[in-house]
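I opened the notebook to look up strand pairing, the nonpolar core and the pocket. Here is what I am looking at.

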Amino acid sequence: MNQHTDVKKFSHVKPGDTDYRGGGLRDFFLYRDLGIADATGGQVICHLVKANPDCPPEDGTGWHRHDCEFQIVVMLKGWARFMYEDKPTLVKAGDVVHQRPGIVHYLYDYSPDMEYMEIVSPADFKTVDMPPATDKVPPVTPWS
């Protein structure tokens, strides 16, 4: 994991300063960098993630875990359905989820307007594919 650095950088990112872009961890999501990884010397990443309107849910993220020390998801708009180990969990706008380090999970369904803020430490965390925690994953909700 990251070594703690002496952070002396101030950061203030406004809505027009960064754009949503593809090419992040998942092709079916769009990501907006909020400048926190740079400001903290890689100790923390904070970005906005939203559904790509051209990519309705099909296979979701697949089962995985993150090699990190800390991760929270703050659902800003819409909803997403996760499997946290063998437990289906609906995360709606206003909900905050602390994903404990190493928890095996799977985001398998989401609304077209889904948008969340994700904060993870360290910024260069790794994602590791995992075997399914259960074979009982509910079906996705078709977009109309």
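**Strand pairing.** I began with S1 and S2, which run antiparallel and pair over 5 bridges; I call two strands paired if DSSP finds at least two bridges between them. Helices (H or I, at least four residues) and strands (E, at least two) are DSSP runs, numbered from the N terminus. This is a predicted model, in which local features need pLDDT of at least 70 and side-chain atom pairs count only at pLDDT 80 or more, while totals for chains, interfaces and linings use all residues. Residues are numbered from 1 along each chain as its sequence is written, and side-chain values use heavy atoms, with hydrogens and water left out.

In S2, 6 of the 7 residues are buried.

Next came S5 and S8, an antiparallel pair with 5 bridges; Phe82 is bridged to Leu107 of S8. S8 is largely enclosed by the rest of the structure, because 6 of its 6 residues are buried.

Which residues have the most contacts inside the largest nonpolar core? I found Phe29, Ala80, Leu107, Tyr110, Met114 and Tyr116, in a core of 17 residues. Such a core is a set of buried Ala, Val, Leu, Ile, Met, Phe, Trp, Tyr and Cys residues joined through side-chain atoms within 4.5 Å. S1, S2, S4, S5 and S8 each give two or more residues to this core, and S5 has the largest share, with 3 residues.

Last, I looked up the largest pocket and noted about 220 Å³ of space. A pocket here is an open set of points on a 1 Å grid over the protein atoms alone, where a 1.4 Å probe fits, with protein on both sides within 12 Å along at least five of seven lines; lining residues have an atom within 4 Å of a point. The volume is the space filled by probe spheres set on the points, which are joined across faces, edges and corners. Of its 19 lining residues, Leu25, Arg26, His66, Tyr116 and Glu118 are the closest to the centre. S1, S3, S4, S8 and S9 each supply at least two residues of the lining.

Notes. Buried < 20%, exposed > 50% of the residue type's maximum accessible area, 1.4 Å probe, protein only.
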